[in-house]
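Biologist: Could you show me how to read burial, charge pairing and chain interfaces in a model such as this one?

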Amino acid sequence: MKSPRRDWLWHIPLLLVGGTMLVPLFFMFATALSAPGQALPVTDSVWRMIWPQSWHWENFAEVWRVVPFGRYYINSLVIALVVTGGQVFTSACAAYAFARLQWPGRDKLFLAYLATMMVPGSVTMIPNFVAMKILPEWLGRVLPQVDWLSLRYLGTGAQSPGVGRLIGLDSYFALIVPAMFSAYGTFLLRQFFLTLPRDLDEAAKIDGCNHWQIFSRILLPLALPGVMTLTIFTFMGNWGSFLWPLVTTNQEYLRTLPVGLQAFQGQYGTEWHLMMAAALLMLVPIVGLFLVGQRFFISGLTVGAVKG
Amino acid sequence: MKRTGARLRDTRTAIFFLLPNFLGFLCFTAWPVMASLLLSFTEWDLLTEPRWVGLDNFVQLLGWRRDPTGGWAANDPQFWKYFGNTLFLMLPLPVNMLGSLFLATVLNKKLRFAYGYRLIFFLPHIVSGVAIYYLWRWMYNPDFGLVNALLRQFGLAGPRWLTDMHWAKPALMIMGTWLAVGGSSMILYLAALQGVPPELYEAASIDGATAWQQFRHVTWPAVMPVTFFILTMGIIHGLQSGFDMAFVMTGGGPYGATTTLGYYIYTKAYVFFEMGYASTIAWVLFLVILTVTIFNWRRGGKVIA
Amino acid sequence: MLPQGQRFVYLRVGAVVIGLAALKVMSRFGTTLHAALAATVLAAGCTRSEESGTRILYSFWGSVEQMKVERAVVAAFEAAHPQIKVDLLPVGARYTEKLQAMMVGRVAPDVIMVEMTTYHDWAARGVLADLTEDAAALEAELTLMPIPRRAFGPAGRFYALPINASGLAMYCNLDALARAGIEFPANGLTWAELEQLAPRLSRRAGHADAPTDFALLLPPPIMIFWAWGVELFDDLVRPTRVTVNTPAAVDAVDFIRRLYARGVAVPPDVTSDQGTHQLFRDGKVAFFFQGRWVTPEFVGRTKFAWDVAPVPGGPARRVSLHGGTGLAVYQHTRHRAAAREFVRFYAGRNGLRLAVQGGRYTPVYRELALGEEFLAMRPPRSIRRFAETMEAGASQTYLYAPGATEVGQLVNERMQQALAQPERPADQIVAGLAADLNRWLARQTRRGRQ
């Protein structure tokens, strides 16, 4: 029924759209490779803007020198990994409790979880910010022996404290802990667990496994697609998290990548070639993660929408 | 099985499994919702003690008063302006959806390289975030950016884009379309379209239906639930969004042209440290979103993502 | 900072816990818990050993030139106090907001440069240390001029030491005045006289032979109000009543409208945010109202001779608008003594002499402001006019209390309305302003800020 001859016509709009998607990224790449102060004015040819005119690969190295980009990268990595690990682990455990165990108030509590998913981030962010601020002052009254506000160095220099503050604003605690708990993860994994048949559970129980073993040895491996989806989503979400690190940290050594990109905006103008190079470096793990976990990503998008 | 015994054991186990997540949920999600409401009845700058002001914040935010120079003046004209900005920036939603639907339809035709196309279309959505906002800010640079260069090729002189009061919002809307059209909406449409058995199309064309009629009677019903879902999610998301974009690209826009409610909450909370007032705005936003959600639910749509 | 003994207790406990964890044969979960616990305890105990000497952090705003001035003062201070090191923290845009964020996060610098309007806000919130003693110590050998005293210590207590607090003067393009046949108003004009002369200096108002495009930029409207004898509030330190709704205020509004309607003043859309001084520098306006801080923009950069005169006087009085800069010490600093030393040095004779070299400050002590060294800093020849704005009654500001910025915004917004809607009666505008200020005052009182 289909006429294959007319099909090639469809490639035209597809190519156009694909080109539109790619051209800005090429421009980004070309700028990243250009020399400082050599941005082409708009009167120049568009092709020369998109295709790199010079190949200053050293810009990528310069990015690490001009600002403490390495620190930003490590911060982003560590925070994203810890948050993802924590979130996936706690969400999986909670999902098991919701999906496989019977206990009073279970469904009501789950409804509460669902209800909070409707609340916009700005509502909860403000009290969390306030909590982070007053926590060390509070703890200082409860446990005054420890100086909660001072910096911990762990052997590194004064400019770049290894650990910084234990708790409060401008601490790794503030960057990691509030982000580790999400109702969305619990919801997603509960749905996954519900689709898994109970026969394996029963069989394992008869064999004398306790709940932890059922959870870790049987259910988790089976729910791996869901877990992978949640891991990828959480990592990518946290990697690009901007507002929370922006407001809770003031100090250089705590910056994550999205916030740290601002460092390339100088007082007298932005160094776009370095900024674009840094942006590209920031995107590399994301694109890599996506390419590796594509099917989880796609399935994660659809599972929430198609199910109810 | 002994019911009570199993239940009791289950409850104890459940506590172990649930505890970390539940504690976190309590501390960082559930309690803050209530705390935020409480905060909105106070005035607190985090440097001095909080002060109870009752409904004063709400009156200041939503109220109107008579002005001696005639007419009514809003107590907080900026709130209404930024609310308007937020709604305006959501205008491209139908356009984006149609674009996604179009792309999904074409991709569904199982052409060669469909996989490659899908990957390329999805790329903007993957990389979206602060890095891309900086890229687009550079692209919108009136003197060195790609957008004006492209316009120049066609003989048009581009405006100052992000620094021009009238072009800042359209600039953000264009970028929004670039980011959204090949993104999750397209994937969802693709999934919906792939759920339509091809025999339906064959049967329709045998019955003499034109392409348009096929679309209207076969494609559209299959796609309508997804459309509704995307629209609702788009509205809910759009109401809260706009901060990252505005902060990176315009700093709130020339004379507040690109400030959305999310950005307004940011400035009130973290720039001026008016925690009470910011909580008030956040709660009003929450109530608006709640209204949209309930409206959607009443019409039979799905409640949650 | 934990004392030595306590730190070792933590280390020992940490070691014991790790040891136990290593010995125990447990499930993965258990060891992880132990390791986490141990790590936390160790982290709690780890600190850096105390360095010899103190380091304090000093924040200021300003450009590259300002940095040079600050470095000079810091170098002189460190030479005089070898055991204290000062780290500089220049903060660019949004100084107030960034500092407030640092205060909220408890990471604020030890010494903070403050601008007068935010000074009152911060002092009221208790984030600045009380420096009244240091102010008194400095006054033992120098006399503080009345305006800086009022600006930073209106109720007798100082929470910052003033380093600069002069008012606006009228910059005059001498060549343009000469070509228009106008004598340089060395002792200041009146607003009525200025209104008369202005057309001769405004090419854009239709006088093709005028030497400049416009006669002036509109001055801050509040100065016109004051010149007509209008006060916004009954008391500028503790306002309780709004007193702007008077016939004199209506006259003042009419005057501003007349000035604007004649076309002798630069319309708002021609001015850009930062570049108003460029209009004077490029010879486009003949009169320019601004403070001392803008002088370096003109020295050696103009093609004409220029000087400063006192601001015009009105029917009631001649009064200028002043600002101010001071140095404050953060309330929760860990190095209070060192910070106070630095502030006392900077705001005293030694520091001020160096700071004034940057060309942007007017020293706040009578001996320095009216002394040879400062008055010899030419151009402008009449630099003493800046010093004179610090005499009692010579200048004032919106409020010597929190909220001055909002009050200023309310005044400016109403005046913008007055100019944008010339058909609206002036008494309605004044009534509107009074209503705005009353609302503001009521809110402040309700929130316990006044």
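**Reading the model**

Modeller: Let us begin with C:Asp436, which counts as buried at 8% relative accessibility, where buried means under 20% relative accessible area, exposed means over 50% and partly exposed lies in between (1.4 Å probe, protein chains only). This is a predicted model, in which local features need pLDDT of at least 70 and side-chain atom pairs count only at pLDDT 80 or more, whereas totals for chains, interfaces and linings use all residues. Residues are numbered from 1 along each chain as its sequence is written, chains are lettered from A and ligands numbered from 1 in the order in which they are written, and side-chain values use heavy atoms, with hydrogens and water left out.

Biologist: Which side chain meets that of C:Asp436 in a salt bridge?

Modeller: Side chains of opposite charge can pair when their charged atoms come close. The rule asks for a side-chain nitrogen of Lys or Arg within 4 Å of a carboxyl oxygen of Asp or Glu, and here C:Arg414 meets C:Asp436 at 2.8 Å, N to O. The pair links distant parts of the chain, with C:Arg414 in helix H18 (residues 404-420) and C:Asp436 in helix H19 (residues 426-446) of chain C, 22 residues apart; helices (H or I, at least four residues) and strands (E, at least two) are DSSP runs numbered from the N terminus. C:Arg414 is also buried, at 6% relative accessibility.

Biologist: With which residue does C:Arg106 form a salt bridge?

Modeller: Its partner is A:Glu137, with the closest N and O atoms 3.7 Å apart. That pair crosses between chains, from the loop between H4 and S3 of chain C to helix H6 (residues 121-142) of chain A. C:Arg106 is partly exposed at 27% relative accessible area, and A:Glu137 is partly exposed at 23%. Contact means heavy atoms within 4.5 Å, and residues up to four places away in sequence are not counted when C:Arg106 is said to touch A:Lys133, A:Leu149, A:Arg165, C:Tyr330 and C:His332, among others. Over all chains, the count comes to 32 salt bridges.

Biologist: How many salt bridges are there between chain B and chain A?

Modeller: The count there is 0, although 93 residues of chain B are in contact with 101 residues of chain A. Buried area is the accessible area (1.4 Å probe) that two parts lose on being put together, summed over both; between these chains it is about 8400 Å², of which carbon and sulfur atoms give 80%. B:Phe17, B:Phe28 and B:Trp138 supply 10% of the area that chain B buries against chain A, more than any other three residues. Helix H1 (residues 3-39) gives the largest share of the side of chain B that touches chain A, 20 residues.

Biologist: How should I read the overall form of chain B?

Modeller: The radius of gyration is taken over C-alpha atoms, and the globule rule is 2.2 Å times the number of residues to the power 0.38. Chain B has 14 helices and 4 strands. Its radius of gyration is 25 Å, well over the 19 Å that the rule gives for 305 residues, so chain B is more spread out than a compact globule. Even so, 55% of the 305 residues in chain B are buried. Helix H9 (residues 184-194) of chain B has 8 of its 11 residues buried, so it is largely enclosed by the rest of the structure.
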